[in-house]
Number of protein chains: 2
Amino acid sequence: MSANSRLTIAAHALAWIGLYQRRGHEVATSEQIATSANTNPVVIRRLLGELRRAGLVKSRRGVGAGWSLARELESMTLLDVYEAVEPGPLFAMHRTTPDQECVVGHGIQPAMRGIYEGIEETLRHELARVTLENVLRDVLAAPR
Amino acid sequence: MSANSRLTIAAHALAWIGLYQRRGHEVATSEQIATSANTNPVVIRRLLGELRRAGLVKSRRGVGAGWSLARELESMTLLDVYEAVEPGPLFAMHRTTPDQECVVGHGIQPAMRGIYEGIEETLRHELARVTLENVLRDVLAAPR
DNA sequence: GCAGTCGCAACGTTAATTGTTACGACCACC
DNA sequence: GGTGGTCGTAACAATTAACGTTGCGACTGC
């Protein structure tokens, strides 16, 4: 499906900020998070920018600038993150309009649309069951 | 997510073959299906080739060649089709290994792997609830 | 033998993601 | 009121996958 890592990196960043704050720090920099995720700070800033638009984090500029959580990890779910960083649907329709003269070509898109909607609703329900607090707990539970 | 249309096109092809056979024909050609789906016959042959490997369709060569169902539409689910045409996982991990010296970098992949496995299992369960017979029924139920 | 179709390789096009560089905007601190 | 560190964002390259297209050999009913 050409899956991407946006949800994974976003969860990584949130868990990192959350843990950092619990250790007494005010803000985390994109540089620090990028080092942990082994990527470029701009990639982190782009993702965190989307999370900021969704109200999950805040950013401060100037000296001592950086990122902090806008809400508790307990109140954020993977669905919040998913909706912030993944705009499109899970399955795509035909890239060109199927033959409307054909019975199947005419009915296939409404049919699949209905089916896909139900499936995506279930997916969203599953994502909503996992909080970022759950994620951080699982992260810290990893052996050694 | 850069969703693709492989599942949609594969379902389209199966519904088309199924309906065509119910109307008394033996085999359907990739040319006919491609016309209905408004794409190239090679694209259809590639997808149907994967469905053949999964035991969902059969192909005949030579004169009067084409494609036919290997099983009844009632016995095929979207999960069968999905597994035949979508090899990879839904969500990707980091493209490079995160910093193993960092607590979060070390624990994030096992944590997300476990979470993603549960979610994908639910997705598979949902896909398995829809048969291709359901799809064809919905296709024929589309207004006018 | 011939015609029609599959099987498959090869290549081009398009689009999304990710990585990178660059630079202006901002602001706590001195 | 400078200064240094960080964000915000644009721009571009690199990589990858999906999709479309052409070409041609293989197969087989007639």
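How many salt bridges are there between chain B and chain A? In this predicted model, the count is 0.

**The interface between the chains**

The contact between the two chains draws on 57 residues from chain B and 57 residues from chain A. The size of an interface is often expressed as the accessible area lost when the parts come together. For chain B and chain A, about 4,800 Å² is buried between them, and 70% of this area lies on carbon and sulfur atoms. Within chain B, the residues that lose the most area to chain A are Met1(B), Thr8(B) and Val104(B), which together account for 14% of what that side buries.

Although the salt-bridge count is 0, the interface includes 17 residue pairs in polar contact. On the side of chain B that touches chain A, at least two residues each come from α1 (6–22), α2 (30–37), α4 (78–85), α5 (103–128) and α6 (132–141) of chain B. Of these, α5(B) gives the most, with 16 residues. By class, this side of chain B has 35 nonpolar, 15 polar and 7 charged residues.

**The surface near DNA strand C**

DNA strand C is surrounded by 29 residues, and the closest are Ser5(A), Thr39(A), Ser30(B), Gly62(B) and Arg95(B). Their surroundings comprise 8 nonpolar, 11 polar and 10 charged residues.

| Residue | Atom of DNA strand C | Distance |
|---|---|---|
| Ser5(A) | phosphate oxygen | 2.6 Å |
| Arg61(A) | base nitrogen | 3.3 Å |
| Arg52(B) | phosphate oxygen | 3.1 Å |

The elements giving two or more residues to this surface are α3 (41–53) of chain A, together with α3 (41–53), β1 (57–60) and β2 (66–69) of chain B.

Definitions and conventions:
Residues numbered from 1 in each chain as written. Chains lettered and ligands numbered in written order. Predicted model: local features only at pLDDT ≥ 70, side-chain atom pairs only at ≥ 80, totals over all residues. Heavy atoms only, no water. Contact = heavy atoms within 4.5 Å. Buried area = accessible area lost by both parts, 1.4 Å probe. Salt bridge = Lys/Arg side-chain N within 4 Å of Asp/Glu carboxyl O. Polar contact = N/O pair within 3.5 Å; in protein donor to acceptor, adjacent residues only side chain to side chain. Helix = DSSP H or I, 4+ residues; strand = E, 2+ residues; numbered from the N terminus. Nonpolar A, V, L, I, M, F, W, Y, C, P; charged D, E, K, R; others polar. Near = heavy atom within 4 Å.
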